[in-house]
Amino acid sequence: MMQFMLLFSRQGKLRLQKWYEAYPDKIKKKITRELISTILTRKPKMSSFLEWKDLKIVYKRYASLYFCCAIEQDDNELLTLEVIHRYVELLDKYFGSVCELDIIFNFEKAYFMLDELMVGGEVCETSKKSVLKAIAAQDLLQEDEAVEGALREIGLY
């Protein structure tokens, strides 16, 4: 089971975090700070897997973003890399070659996509088509709410 997922930039700025295990905020900040500095200091040719405390860390860099997951000792690192890659593929499909700014300005979409892909640290949907369909439905719902709000504002609803 995945414990948490972090997305951060090459500059060490945290862009997205999803925790599947309960940790106090102080511990989350410490973990985040430690992992970001550890991963950023690693050389590009080094393995994407590392042992950290009682967890395994799996990370992958795509353009200027690092995707980092913490998994339990008995979990498969290669499957975790696949989950990271699937998430990046979904982000790419939705945003059309995702970049850091897409995550910054549309973080709610990135979280929604991750929530459609994973529940409680386990993969629940492997179909990209299904996840993208759910996101499209969510987009329509948001558009309808925006139109409804605008109509209320001018007194037509």
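Is Lys-129 buried or exposed? Lys-129 is exposed, because its relative accessible area is 67%. Buried here means under 20% relative accessible area, exposed means over 50%, and partly exposed is in between, with a 1.4 Å probe and protein chains only.

First, what we are looking at. This is a predicted model, in which local features need pLDDT of at least 70 and side-chain atom pairs count only at pLDDT 80 or more, while totals for chains, interfaces and linings use all residues. Residues are numbered from 1 along each chain as its sequence is written, and side-chain values use heavy atoms, with hydrogens and water left out.

Now the chain as a whole. The protein chain has 5 helices and 7 strands. Helices (H or I, at least four residues) and strands (E, at least two) are DSSP runs, numbered from the N terminus. Starting at the N terminus, the order of elements is β-β-α-β-β-β-α-α-α-β-β-α. The C-alpha trace spans about 60 × 30 × 30 Å along its principal axes. There are 157 residues in the protein chain, and 35% of them count as buried. If we take contacts between residues at least 6 apart in sequence, 48% of these join residues at least 24 apart. Contact means heavy atoms within 4.5 Å.

There is one record to mention. An unreviewed UniProt entry carries the annotation "domain: AP complex mu/sigma subunit" for residues 1-140. UniProt positions are given in the numbering used here, feature names are shortened, and annotations may be inferred rather than shown by experiment. In the model, the span of residues 1-140 is 46% helix and 27% strand, and its end C-alpha atoms lie 32 Å apart.

Next, the helices. Two packed helices are described by the angle between their axes and the distance between the axes. The axes are lines fitted to C-alpha atoms, for helices over the stretch in contact, and angles run from 0 to 180 degrees between N-to-C directions.

Take α2 and α4 to begin with. Helix α2 covers residues 77-95 and helix α4 covers residues 107-117; they pack at about 135°, with axes 11 Å apart. That angle makes α2 oblique to α4. On this scale, under 35 degrees is roughly parallel, over 145 is roughly antiparallel, 65 to 115 is roughly perpendicular, and the rest is oblique. The crossing of α2 and α4 is right-handed. A crossing is right-handed if the near helix is turned clockwise from the far one by less than a right angle, and left-handed if anticlockwise. On the α2 side the contact residues include Tyr-87, Leu-90 and Leu-91, and on the α4 side they include Tyr-111, Met-113 and Leu-114. By class, this contact of α2 with α4 has 11 nonpolar, no polar and 2 charged residues. Nonpolar covers Ala, Val, Leu, Ile, Met, Phe, Trp, Tyr, Cys and Pro; charged covers Asp, Glu, Lys and Arg; the others, Gly among them, are polar.

Helix α4 also packs against α5. Their axes come within 10 Å and cross at roughly 140°. That makes α4 oblique to α5, and the crossing of α4 and α5 is right-handed. From α4 the contact uses Lys-109, Phe-112, Met-113 and Glu-116, and from α5 the residues include Val-131, Ile-135 and Asp-139. The classes in the contact of α4 with α5 are 5 nonpolar, 2 polar and 3 charged residues.

That brings us back to Lys-129, which is found in helix α5, residues 128-153. Lys-129 and Leu-40 are 89 residues apart in sequence and 33 Å apart in space, C-alpha to C-alpha.

Leu-40 also turns up among the contacts of Ser-9. Leaving out residues up to four places away in sequence, Ser-9 touches Arg-15, Leu-40, Ser-64, Leu-65, Tyr-66 and Glu-100. Ser-9 is in strand β1, residues 2-9, and is buried, with a relative accessible area of 0%.

Lys-18 is in strand β2, residues 14-19. Lys-18 counts as partly exposed because its relative accessible area is 21%.

Last, two loop residues. Ala-63 lies in the loop between β4 (55-62) and β5 (65-72). Ala-63 has a positive phi of about 55° although it is not a glycine, and at 64% relative accessibility Ala-63 is exposed. Ser-97 is in the loop between α2 and α3 (100-105). Its phi is also positive, near 65°, and Ser-97 is exposed at 57% relative accessibility.
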